[in-house]
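This report covers selected charged residues, strand pairing and model confidence. The sequence and structure are shown first.

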Amino acid sequence: MDVVERLRSAVAGGLADEAGDPVVLALRPGVDDAGIAAVQAGYPVPLPAELVRLLRVTGGVDGLLDLDLTGGSHDVELPELLPAGHPVAADGAGNFWLLDLTPDTTEVAPVFFFCRDAPVLLYQAPDLATFLDEALRTHEPPHTSLVADVREDRLHDVWGSRPGALSFRAAMADGDQALRDFAGPLGSAWTFVDLRHRAVGEGVAWGRFGPRTRLARHGWERIFAYAPYEKPPSRWRGVGFASLRRAVR
């Protein structure tokens, strides 16, 4: 079913939570050309055609994951990993779903789940339509959904066992040139995660070394890295005693 039809059907009724209580959704008004231009102005890459089409129909859906397709009500940024991350939904607990916009996402953009506890970034869906379909499934029997699965279960796998994480040595031994080009200048302190070919629930433990974990991305490629915090060199390093004497005269 077309994503717009899917949303309109859900708003018409028939949804319920696991206790059987009705779930009522409401489409917000569509966004005009000026509003879409304002959203576009916030990014150095084009908005996906799928997002623009949905924005013309509705700015969001009340009652469904605080769905705000304009991103205006979601206060989240992760520039080191998602330099043009466009937030579209939130769970009310400080976690968000974002589109990873790049120069190549002119038609659709993948959706990632940004979680604070555990601090991970997980791949959720290949496009908005798939994400919205899975979100609606949480209110339809049998109430199973990849949105709930990623939010409640997959984050523990990535945080606990970090599947797919590569050491510097493993990254440099890999036959992929882009991965080696990225890893080489960063060095042995870094751990690498290649999400160019990804499955739902795979991701990056962005807070692996605490709130000051260093993060990096290989340009617009979905190859990521993280490393322990490193204290910057002292501002006085390399200043000789003669220089200090001149400075205090």
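## A salt bridge between Arg154 and Asp149

In this predicted model, the side chains of Arg154 and Asp149 meet in a salt bridge, with N to O at 2.8 Å. A salt bridge here is a side-chain nitrogen of Lys or Arg within 4 Å of a carboxyl oxygen of Asp or Glu. Arg154 has a relative accessible area of 23% and is therefore partly exposed. Buried means under 20% relative accessible area, exposed means over 50%, and partly exposed lies in between (1.4 Å probe, protein chains only).

## Basis and confidence

Residues are numbered from 1 along each chain as its sequence is written, and side-chain values use heavy atoms, with hydrogens and water left out. Because this is a predicted model, local features need pLDDT of at least 70 and side-chain atom pairs count only at pLDDT 80 or more, while totals for chains, interfaces and linings use all residues.

The protein chain has a mean pLDDT of 92, and 93% of its residues reach 70 or more. pLDDT is the predictor's confidence in each residue, from 0 to 100. Over residues 239-249 pLDDT stays under 50, and for this stretch the model has two contacts beyond four places in sequence. Contact means heavy atoms within 4.5 Å.

The structure holds 14 salt bridges. Which residues are linked in a network of salt bridges? Arg6, Asp133, Glu134, Arg137 and Glu140 are.

Arg217 forms a salt bridge with Asp100, and their closest N and O atoms are 3.0 Å apart. Arg217 lies in strand 11 (residues 214-217) and Asp100 in strand 5 (residues 96-100), so this pair ties together parts that are 117 residues apart in sequence. Helices (H or I, at least four residues) and strands (E, at least two) are DSSP runs, numbered from the N terminus. Both Arg217 and Asp100 are buried.

Asp100 also meets Arg222 in a salt bridge, at 2.6 Å from N to O. That pair links distant parts of the chain, 122 residues apart: Asp100 is in strand 5, and Arg222 is in the loop between strand 11 and strand 12 (223-227). The relative accessible area is 0% for Asp100, which is therefore buried. Arg222, with 13%, is buried too.

Asp68 lies in strand 3 (residues 67-68). This residue is buried yet has no salt bridge; Arg28, the nearest side chain of opposite charge, is 4.1 Å away. In assigning charge, Lys and Arg count as positive and Asp and Glu as negative, while His and the chain ends are not counted. The side chain of Asp68 reaches the backbone nitrogen of Gly72 at 3.4 Å. Beyond its neighbours within four places in sequence, Asp68 is in contact with several residues, including Arg28, Gly59, Ser73, His74 and Pro87.

Strand 2 (residues 60-62) pairs with strand 3 in the antiparallel sense over two bridges; two strands pair if DSSP finds at least two bridges between them. Val61 stands opposite Leu67 in strand 3.

## Ser161

The C-alpha atoms of Ser161 and Lys231 are separated by 27 Å, the two residues being 70 residues apart along the chain.

Technical notes:
Polar contact = N/O pair within 3.5 Å; in protein donor to acceptor, adjacent residues only side chain to side chain.
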